Amino acid sequence: LNGSQTAPLLRSFLTPLTVSADSATKVYDGNATAALNNVTPYDDSKVGGALAWSGKDVGSHGLTGLYTTSQQGYIISYDNAVNLTITPKTLTAGLTGTVEKVYDGTTAATLTNANFSLAGLFAGDVVNVSGAARYDNKNVNVGKNVTVTGMNLSGADAGNYSVNSDAAGNVGVITARPLTA
């Protein structure tokens, strides 16, 4: 410290800079890129890094990424009112594969995540689907209509998506229960 100086000497040479830009909104696309418009002007020779949004998932994200590179650079802060708002991407769930059971007198169907197709899911995202499943009737047959209602998502990336609430398909098989003597 130098006399009555309360901050490190180097800091006294830095110029305060509050970085701002226009807020933006987009639908989740798996990355943090979005247009940066009307950015506060600054001297590129005094900063390093790249101005970017701070997150890629659904929610609100501020600015980040810059740092000072010289002793006559900036004390960098970011305008807290500027945000990138990311909204959920809508997935379309359908049924695939075969949903099979032995006749038990009910219409209840049990599906696994493999019985769902998810149109619009980004590669690498982890999302599972579940819901209440029913066969169209309790009778033995193939190509039976199976309906799933109240579908919801789970998994590490589920919060980035929404899904239709119902799906149906002719993927059901109920086989005859063997008779025992």
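Modeller: Let's start with aspartate 29 and lysine 26, whose side chains meet in a salt bridge, with N to O at 2.8 Å. By salt bridge I mean a side-chain nitrogen of Lys or Arg within 4 Å of a carboxyl oxygen of Asp or Glu. Before going on, a word on the source: this is a predicted model, where local features need pLDDT of at least 70 and side-chain atom pairs count only at pLDDT 80 or more, while totals for chains, interfaces and linings use all residues. Residues are numbered from 1 along each chain as its sequence is written, and side-chain values use heavy atoms, with hydrogens and water left out.

Back to that pair. Lysine 26 counts as buried, at 12% relative accessibility, whereas aspartate 29 is partly exposed at 28%. The cut-offs here are under 20% relative accessible area for buried and over 50% for exposed, with partly exposed in between (1.4 Å probe, protein chains only). As for why such partners turn up together, side chains of opposite charge can pair when their charged atoms come close.

The whole structure holds 4 salt bridges, and I can describe two others. One joins lysine 56 to aspartate 57, with the closest N and O atoms 3.2 Å apart. Here lysine 56 is partly exposed at 31%, and aspartate 57 is partly exposed too, at 32%. The other links aspartate 136 and lysine 144, whose closest N and O atoms are 3.1 Å apart. In that pair lysine 144 is buried at 4%, while aspartate 136 is partly exposed at 47%.

Strands are DSSP runs of E, at least two residues, numbered from the N terminus, and two of them pair if DSSP finds at least two bridges between them. Strand 8 (residues 89–95) pairs with strand 11 in the antiparallel sense over 4 bridges, and leucine 95 has phenylalanine 116 of strand 11 as its bridge partner.

Finally, the loop between strand 13 (141–154) and strand 14 contains glycine 159, which is exposed at 56%.
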